[in-house]
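Here is a short report on one protein model.

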Amino acid sequence: DLLALGCPRVLFKMKSDGHGREICLEDALGHRSYEQFLAACILMGCDYLPRVPRVGPKTAFALVDRFGASSVSALIHEARNVGVRTPQGYEQAFEDARCAFLEQLVFDPITCEAVPLLKRPSRAAVAI
């Protein structure tokens with residue numbers, strides 16, 4: 001979920017000798033926009049929404065590449081049309097998960113306030 005939150009670099013599988021693996025958001029995005037990447041991440045499953053059965057990275061990115069991410073409703077509708085089975089209420093849950101990523105707050109120990117994790121365009125300006 002760290003890449004989906006917009007973290008530019010994520011280190012994982014760190015060993016005691018300091019070796020691990022780094023993934024850069026820019027590399028993960030490839031030719032896709034952040035909005036398309038986020039939609040695929042949500043379809044694959046995240047902290048805010050379980051994955052859709054039989055939807056892994058290949059299927060999620062194929063759906064987003066084929067149908068886009070400009071409209072959650074259209075993406076879910078088209079996914080259902082190609083045989084992806086989503087539970088009742090999935091569209092709203094997907095939108096809630098998307099908002100959780102876009103509006104993630106963290107505690108700033110300097111100001112003692114909750115602040116946005118990353119500066120992003122306002123929700124109205126982000127068409128997903």
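Leaving aside its neighbours within four places in sequence, which residues is Arg32 in contact with? They are Phe61 and Asp65, where contact means heavy atoms within 4.5 Å.

## Basis

This is a predicted model: local features need pLDDT of at least 70, side-chain atom pairs count only at pLDDT 80 or more, and totals for chains, interfaces and linings use all residues. Residues are numbered from 1 along each chain as its sequence is written, and side-chain values use heavy atoms, with hydrogens and water left out.

## Arg32

Arg32 sits in the loop between helix H1 (25-29) and helix H2 (34-44). Helices are DSSP runs (H or I, at least four residues), numbered from the N terminus. Arg32 has a relative accessible area of 17%, so it is buried (under 20% relative accessible area, 1.4 Å probe, protein chains only).

Its side chain makes a polar contact with the side chain of Asp65, at 2.9 Å. A polar contact is a pair of N or O atoms within 3.5 Å; within protein, one must be able to donate a hydrogen and the other to accept it, and residues adjacent in sequence count only if both atoms are side-chain atoms.

## Pro53

Pro53 lies in the loop between H2 and helix H3 (57-67). With a relative accessible area of 53%, Pro53 is exposed (over 50%). Its C-alpha atom is separated by 8.1 Å from that of Thr86, 33 residues apart along the chain.

## H4 and H5

Helix H4 (residues 72-81) packs with helix H5 (residues 90-102) at an angle of about 135°. The contact is made by Val72, Ser73, Leu75, Ile76 and Arg80 of H4 and Tyr90, Glu91, Phe94, Glu95 and Arg98 of H5.

Methods:
Helix = DSSP H or I, 4+ residues; strand = E, 2+ residues; numbered from the N terminus. Axes fitted to C-alpha atoms, helices over the stretch in contact; angles between N-to-C directions.
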